[in-house]
Amino acid sequence: MYLIIGIRMGKTTKATLVFLVLFIGLVVYLSTRVAHHECRVCVTFNGQTLCRTAASGTEKAAIESAVTSACSGLASGMTESIKCENTRPDSVECSER
């Protein structure tokens, strides 16, 4: 097999090109999938409340993503982030798109 410029490719080069094409295809496919659920979640942590909206393929994933996003603005450090993400949200509003 030859490249467009006429250089002969070895087996490793062919395998690398096939892998890269498949990987790029997978990334494009996953990034263009339509999110079917959108959720707005409000979380109170350390006396502050923050609401965030997230969309995903499942309602559960959208809620988790919105909670993580809200907690990133409310908590500082890994320990607080984990505590915040385990806090029950004040409100959850989901809709299908």
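1. Asn46 counts as exposed, at 53% relative accessibility; here buried means under 20% relative accessible area, exposed over 50% and partly exposed in between, with a 1.4 Å probe and protein chains only. Asn46 is in the loop between E1 and E2. Its backbone deserves a look from you: Asn46 is not a glycine, yet it has a positive phi of about 55°. As background, most residues other than glycine have a negative phi.

2. Before going on, a word on what you are looking at. This is a predicted model, in which local features need pLDDT of at least 70 and side-chain atom pairs count only at pLDDT 80 or more, while totals for chains, interfaces and linings use all residues. Residues are numbered from 1 along each chain as its sequence is written, and side-chain values use heavy atoms, with hydrogens and water left out.

3. Gly47 sits in the loop between E1 and strand E2 (48-56). Gly47 is exposed as well, with a relative accessible area of 73%. Along the chain, Gly47 and Leu74 are 27 residues apart, and their C-alpha atoms are separated by 9.3 Å.

4. Now the overall fold. The chain has 3 helices and 3 strands, and from the N terminus on the order is α-β-β-α-α-β. Helices (H or I, at least four residues) and strands (E, at least two) are DSSP runs, numbered from the N terminus.

5. How does the radius of gyration of the chain stand against that of a compact globule of 97 residues? The chain has 21 Å, whereas such a globule would be near 13 Å. The radius is taken over C-alpha atoms, and the globule rule is 2.2 Å times the number of residues to the power 0.38. Along its principal axes, the C-alpha trace spans about 65 × 35 × 20 Å.

6. On burial and surface: 21% of the 97 residues count as buried. The accessible surface of the chain comes to about 7200 Å², and carbon and sulfur atoms hold 58% of it. These areas come from the Shrake-Rupley method with a 1.4 Å probe, and for residues only the protein chains shown count as cover.

7. Is His37 buried or exposed? At 15% relative accessibility, His37 counts as buried. His37 lies in strand E1 (residues 37-45). Leaving out residues up to four places away in sequence, His37 touches Ala54, Ala55, Ser56, Gly57, Thr58, Glu59, Ala62, Ser95, Glu96 and Arg97.

8. There is 1 aromatic pair in the count. The rings of Phe19 and Phe23 have centres 6.1 Å apart and planes at 15°, so the pair is stacked. The rule covers rings of Phe, Tyr and Trp (its six-membered ring): they pair if their centres lie within 6.5 Å, and planes under 30 degrees apart count as stacked, over 60 as edge-to-face and the rest as tilted. Phe19 and Phe23 are separated by about one helical turn because they are 4 residues apart in helix H1 (residues 11-32). Phe19 counts as exposed at 54% relative accessibility, and Phe23 as partly exposed at 45%.

9. Ser31 also lies in helix H1 and is exposed, with a relative accessible area of 56%. Ser31 and Thr49 are 18 residues apart in sequence, and C-alpha to C-alpha they are 30 Å apart in space.

10. Glu85 is found in helix H3 (residues 78-85) and counts as partly exposed, at 37% relative accessibility. Which residues does Glu85 touch, not counting those up to four places away in sequence? They are Val67, Thr68 and Cys71. Glu85 and Cys71 are 14 residues apart along the chain, with their C-alpha atoms separated by 6.3 Å.

11. A last point on charge. The mean positions of the 10 positive and 8 negative charges are 17 Å apart. Lys and Arg count as positive and Asp and Glu as negative, while His and the chain ends are not counted. Each charge is placed at NZ of Lys, CZ of Arg, CG of Asp or CD of Glu.

Methods: Contact = heavy atoms within 4.5 Å.
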